[in-house]
Structures are given as C-alpha cells and as structure tokens.
Amino acid sequence: MSQPTLVARAEQPYVAIRRQVTMDTIAEIADRFPEIFGWMAARGLAPAGAPFFRFNVIDMDGILEMEAGVPVTDVVPGDDVILSGVLPAGRYASVTHVGHPDDLIDVTAELLRWAADRDLRWDMAPTPEGDRWGCRLELYKTDPAVEPDMGKWETELAFRLDD
C-alpha cells in the first residue's frame, strides 16, 4: 500500500449501472462491467480512465448502494439501464494498493484511520439506510485482460473530503 495523500480531482463524466447489493452479493454489480463496455462500444465511446466502483450508501451489515462505472470524456445520455453522471470535483484522500481486491477492506480501514488521525472530515452523512457518501471510489487501474493475476492488480481508493 502506498502512503495516503490528499489530491485534487476535477469533475469526471461517467456512465454506470447502479444496484443495491450486500457484501456477499457484490459480484452482481461487478459482473456488469462487460455490459457497460458493450454499451459504450455500441455508441462509439471510449473509456477516459479506469473503471471504478462508487459506493453511494454503505451499511456493511446490510445494503450497499453501489455503481459500477466507467469514465467518459463528455456527459452522454443514459437509458433505462445505464445511468449518466459526473463525479464531483474536490479534495480527496487517496491511497493505492497493489494486490488482491480482497485486501481492500484492510486498506480502507487504514485510509479511514489515517484521515481520522489528521482530523479530516469526509463528504459523508449518516442516514437510517447507512452512511451516504458524496463520492467514495475504488478505481481499478489494472486491465484483467492484460494481468489476470488479481494479486498484481493496482487499485486506487479515493474518498472525497468535506471542505
């Protein structure tokens, strides 16, 4: 794991599929990336960055509202399956992990601890459904077609701060 840092991120248009899942059913949204890439290819759209998961609402013991997304260069219309959105600009706490995605729970805990030690506040509010995040991302920088060994994947966590 790299040392956490603070980074400024610009707005980023994207397309995605949003679903409610549990920790045990995350594959239901993870398996939708081929559908998103196929939708993009049918419209002549190329990715403008790494695919990602966006965690909108988190209740680790219950329901997670997540998006599987892919950055694009411009805002495009979605449809009844694919949504169109813009990741917000702002200051983010970021850390890069090289290794299996199963290790991201520990990496996330370390990033949350690092921010707490510095009195940083997240763009997040507790709700009855769980913690609602302004923008909490897992960016998958390794193409599985190029590197199938998940133990070598590079993943960036980027969580927006409340400024």
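Strands here are DSSP runs of E, at least two residues long, while helices are runs of H or I of at least four, and both are numbered from the N terminus. With that in hand, let's look at E138, which sits in strand β9 (residues 136–140). Keep in mind that this is a predicted model, where local features need pLDDT of at least 70, side-chain atom pairs count only at pLDDT 80 or more, and totals for chains, interfaces and linings use all residues. Residues are numbered from 1 along each chain as its sequence is written, and side-chain values use heavy atoms, leaving out hydrogens and water.

- E138 is buried but has no salt bridge, and R136, the nearest side chain of opposite charge, is 6.4 Å away.
- Buried means under 20% relative accessible area, exposed means over 50%, and partly exposed is in between (1.4 Å probe, protein chains only).
- A salt bridge needs a side-chain nitrogen of Lys or Arg within 4 Å of a carboxyl oxygen of Asp or Glu.
- Leaving aside residues up to four places away in sequence, E138 touches (heavy atoms within 4.5 Å) several residues, including P51, F52, T155 and L157.

**D119, out in a loop**
- D119 lies in the loop between α3 and β7 (124–127).
- Its relative accessibility is 68%, so D119 counts as exposed.
- Most residues other than glycine have a negative phi.
- D119 has a positive phi, near 55°, and is a residue other than glycine.

Conventions: Lys and Arg count as positive and Asp and Glu as negative; His and the chain ends are not counted.
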